[in-house]
Amino acid sequence: MNRICQTLLRQSYARAPLTSNHVAATATRCTRWYSADASPPASAADVVDKSTLEKLVRTNKVVIFMKGNPQAPRCGFSNAVVQIMRMHGVQYDAHDVLQNEALRQGVKEFTDWPTIPQVFIDGEFVGGCDILMQLHQSGDLIEELKKVGIISELLKAEEAKQEPNTEEKKK
Amino acid sequence: MSKYNSKYLEDKLKQELEAKYVNVVDESDGCGGKFSVIIVSEAFKGKTLLQKHRLVNTTLAEELKEIHAFSQKSYTPEEWEKVQQQQQQ
């Protein structure tokens with residue numbers, strides 16, 4: 001079972017878009033998550049270095065380092081973050097740290113944050129699961145997303161409720 | 001198996017952060033690997049959400065190496081009062 005998963009992940013990886021120098025430049029931009037990019041540098045360093053991470057966290061407005069991938073999170077905390085992003089309809093880049101120990105250590109050192117998942121908005125570290133959950137519950141996440149030009153699906157739903165006739169007017 | 005338990009974490013957080021209220025729930029079924037914590041302290045005043053969490057992470061830096069699942073809710077006394085009011089409603 002595990003081997004099948006790994007094979008699938010590797011295939012998705014092969015199709016994943018360019019996010020760092022280590023990924024083939026010919027990859028097409030179709031999927032939005034990456035299972036194992038930022039593969040260990042040729043120098044066999046123990047961690048993914050700062051400059052690589054600085055690029056990685058800016059490949060999309062929202063970038064998440066998690067365990068597993070959005071379709072199959074392998075940790076409850078990572079899953080919670082995925083579900084929150086799904087509720088808000090956010091498109092993001094996700095990186096599976098379980099596929100890459102160097103990335104896992106690298107991102108922890110980069111943010112000086114001990115746990116995974118880690119969420120970046122507009123290149124800035126926002127927090128882990130607890131913080132995302134609190135931002136979600138307080139409504140602040142909608143505001144944070146708005147700042148970078150992402151309109152939350154929850155906000156759209158809210159506005160649709162307030163203006164029930166909008167749809168009809170369009171017709 | 002970590003060597004930490006709820007009582008230890010509660011005492012440490014109360015002492016180091018001068019917390020008014022700490023509630024540690026051991027969700028690990030006794031193995032000491034998973035905790036959920038509520039902390040209320042004046043030390044969080046004026047800090048952003050991220051700063052509050054960082055403060056707690058720093059306080060428990062050693063412990064978090066062994067505790068692999070740690071969930072925290074960190075409030076100032078004022079925020080905590082609001083949270084409790086909401087819960088009562």
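## Exercises on a two-chain predicted model

The contact between the chains draws 9 residues from chain B and 6 residues from chain A, where two residues touch if their C-beta atoms, placed from the backbone, lie within 7 Å. This is a predicted model, in which local features need pLDDT of at least 70, side-chain atom pairs count only at pLDDT 80 or more, and totals for chains, interfaces and linings use all residues. Residues are numbered from 1 along each chain as its sequence is written, while chains are lettered from A and ligands numbered from 1 in the order in which they are written.

**Exercise 1.** Work out which elements of chain B supply at least two residues each of the side that touches chain A.

*Solution.* Start with the elements: helices (H or I, at least four residues) and strands (E, at least two) are DSSP runs, numbered from the N terminus. Helix 2 (49-59) and strand 3 (69-75) of chain B are the ones to pick out.

**Exercise 2.** Find out how strand 2 of chain A is covered and paired.

*Solution.* Step one is burial: a residue is buried if 20 or more other C-beta atoms lie within 10 Å of its own, exposed if 12 or fewer, and partly exposed in between, with C-beta atoms placed from the backbone. In strand 2 (residues 62-66) of chain A, 5 of its 5 residues are buried. A:Val62, A:Ile64 and A:Met66 sit on one side, with A:Val63 and A:Phe65 on the other. In a regular strand the side chains alternate between the two faces of the sheet.

Step two is pairing, which takes at least two DSSP bridges between two strands. Strand 6 (residues 118-121) of chain A pairs with strand 2 of chain A in the antiparallel sense over 4 bridges, and there A:Ile64 stands opposite A:Val119. Strand 5 (residues 93-96) of chain A runs parallel to strand 2 of chain A, again joined by 4 bridges; here A:Phe65 faces A:His95.

**Exercise 3.** Say which residues touch the most other members of the largest nonpolar core.

*Solution.* A nonpolar core is a set of buried Ala, Val, Leu, Ile, Met, Phe, Trp, Tyr and Cys residues joined through C-beta atoms within 7 Å. Of the 30 residues in the largest one, the answer is A:Val63, A:Ile64, A:Met66 and A:Val81. Strand 2 of chain A gives the most to this core, with 5 residues.

**Exercise 4.** Describe the order of helices and strands in chain B.

*Solution.* Count them: 4 helices and 3 strands. Then read along the sequence of chain B to get α-β-β-α-α-β-α.
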